[in-house]
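Student: I have a structure to go through and some quick things to ask. Can we take it residue by residue?
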Amino acid sequence: MKAFRGKRKVKINYYSFSSDEVTNRVIEIYQFHENSIIAYCNLRKDKRTFRIKNINKVALLDENYKIPRGWKPESIILSK
């Protein structure tokens, strides 16, 4: 994905199954998986796993980000 390669923030419209609501979020993508994305969520101020099928809209932003030094995929539970 262009946003991940360029380390650019992305605005998404996301449906959360657990809360049954749709929210707009700005995320910083840390890693891709087949059906999900691990990213820092600026709304929740934490790393989250987003299911790709629950993302309704995507907008590439002009803001850049850096993945924190020493971050490892094991630092987040994929089912979060």
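Student: Leaving aside neighbours within four places in sequence, which residues is N24 in contact with?
Tutor: This is a predicted model. In it, N24 is in contact with K11, I12, N13 and L43, once neighbours within four places in sequence are left aside.

Student: Which side chain has a polar contact with the side chain of N24?
Tutor: That of N13, at 3.1 Å.

Student: And where is the place of N24?
Tutor: N24 sits in strand β2, which covers residues 21–32.

Student: How far apart in space are N24 and T49?
Tutor: They are 15 Å apart, C-alpha to C-alpha, and 25 residues apart in sequence.

Student: Now K9. Is K9 buried or exposed?
Tutor: K9 counts as buried because its relative accessible area is 13%, and the cut-off for buried is under 20%. K9 belongs to strand β1, residues 8–16.

Student: What does the side chain of K9 make a polar contact with?
Tutor: The side chain of E28, at 3.5 Å. Not counting residues up to four places away in sequence, K9 touches several others, including V26, N42, L60 and Y65.

Student: What about the phi of K45?
Tutor: K45 also has a positive phi, about 55 degrees. K45 is in the loop between β3 and β4, and is exposed, with a relative accessible area of 57%.

Methods
Residues are numbered from 1 along each chain as its sequence is written. This is a predicted model: local features need pLDDT of at least 70, side-chain atom pairs count only at pLDDT 80 or more; totals for chains, interfaces and linings use all residues. Side-chain values use heavy atoms; hydrogens and water are left out. Helices (H or I, at least four residues) and strands (E, at least two) are DSSP runs, numbered from the N terminus. Buried means under 20% relative accessible area, exposed over 50%, partly exposed in between (1.4 Å probe, protein chains only). A polar contact is a pair of N or O atoms within 3.5 Å; within protein, one must be able to donate a hydrogen and the other to accept it, and residues adjacent in sequence count only if both atoms are side-chain atoms. Contact means heavy atoms within 4.5 Å.
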